[in-house]
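Subject: Handover of a structure and notes on its features

Dear colleague,

Please find the structure below, followed by a short account of what was found in it. I would be grateful if you could read the two side by side.

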Amino acid sequence: MRLTFMGTAGARFMVAKQVAASGGLFLEDGQTRISLDPGPGAVVAYAQRKVDLTTLDAIVVSHRHLDHAGDVNVMVEAMTDGGFAHRGVLFCPSDALDEDPVVLRYLRRFPREIVRLAPETTYSINGLSFTTSGRHVHQVETYGFRFGDRLGWITDSAYYDGIAQQHQADVMLIHTILLHCRPELPHLCIDDAERIIRDAKPRLAILTHYGMTVWRANPKEIAADLTQRIGTEVQAAFDGMSIEV
Ligand SMILES: [Zn+2]
């Protein structure tokens with residue numbers, strides 16, 4: 001399985017200034033290709049890396065916030081060849097479709113299927129299975145994901161009991177918006193990430209989806225410091241980084 005970071009920016013200030021890109025993650029496993037959280041500029045990031053979007057099997061949106069779903073409509077159009085090829089699946093929480101939808105109504109008939117995500121449920125797309133976590137502690141309906149025991153993806157959430165176990169895998173991605181913990185904000189901070197890594201003990205933890213405070217503190221240095229303190233390898237993702245999982 002190959003994972004490519006089409007962006008590493010999180011939250012509105014980083015995204016508005018495009019200090020880093022915000023195109024989410026691209027997952028390839030054999031013949032299966034999935035776009036995860038196509039935020040603003042995703043279509044540009046995929047084009048720059050010469051990914052033919054008509055070969056995508058699915059688009060997965062963890063939640064309806066703009067930095068995760070800004071390009072979902074153009075990506076659905078691209079996946080379905082402008083709506084002419086009835087193919088591909090969109091996975092998203094119900095509140096991305098209902099009130100104040102982020103998925104426009106006119107293009108909902110383009111994909112082969114639109115699946116409303118439910119907590120702790122396993123889905124399969126073209127032979128690749130993934131499982132949702134419990135509902136995250138966030139302002140809107142949000143799920144994290146586990147791709148078997150290979151990859152765990154902790155999207156936006158406040159820390160909660162069980163978050164480490166629900167995403168436990170060989171390689172774990174952790175969205176770190178905050179440098180310092182702020183209980184009033186439903187986001188993970190670096191101390192939360194450390195706690196999760198100590199509990200889940202992945203082979204490799206990767207920080208991504210940086211907020212401005214993390215960015216200014218230098219994600220690479222934060223990751224090196226965590227590696228030294230915990231004894232587990234921690235890397236800081238960068239735009240365009242690609243790894244085998
Ligand atoms: Zn969010």
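Helices (H or I, at least four residues) and strands (E, at least two) are taken as DSSP runs, numbered from the N terminus. By that assignment, the chain has eight helices and 14 strands. The radius of gyration, computed over C-alpha atoms, is compared with a globule rule of 2.2 Å times the number of residues to the power 0.38. The chain is as compact as a globular protein of its length, because its radius of gyration is 17 Å, close to the 18 Å that the rule gives for 245 residues.

Two notes on provenance apply. This is a predicted model, in which local features need pLDDT of at least 70 and side-chain atom pairs count only at pLDDT 80 or more, whereas totals for chains, interfaces and linings use all residues. Residues are numbered from 1 along each chain as its sequence is written, and side-chain values use heavy atoms, with hydrogens and water left out.

Overall features

Along the principal axes, the C-alpha atoms fill a box of roughly 55 × 35 × 35 Å. Of the 245 residues, 57% count as buried; here buried means under 20% relative accessible area, exposed over 50%, and partly exposed in between (1.4 Å probe, protein chains only). A contact requires heavy atoms within 4.5 Å. Among contacts between residues at least 6 apart in sequence, 58% join residues at least 24 apart.

Individual residues

Ser 157 is located in the loop between β10 (151–154) and α5 (163–166). With a relative accessible area of 1%, Ser 157 is buried. Beyond four places in sequence, Ser 157 touches His 136, Val 137, His 138, Ile 163, Pro 186, His 187 and Leu 188. The side chain of Ser 157 also reaches the backbone nitrogen of Val 137 at 3.1 Å.

Glu 233 belongs to strand β13 (residues 233–236) and is partly exposed, at 40% relative accessibility.

Asp 81 sits in the loop between α4 (72–79) and β5 (89–92), and is partly exposed at a relative accessible area of 47%. From Asp 81 to Asn 218 the C-alpha distance is 39 Å, and the two are 137 residues apart in sequence.

With kind regards

Technical notes:
A polar contact is a pair of N or O atoms within 3.5 Å; within protein, one must be able to donate a hydrogen and the other to accept it, and residues adjacent in sequence count only if both atoms are side-chain atoms.
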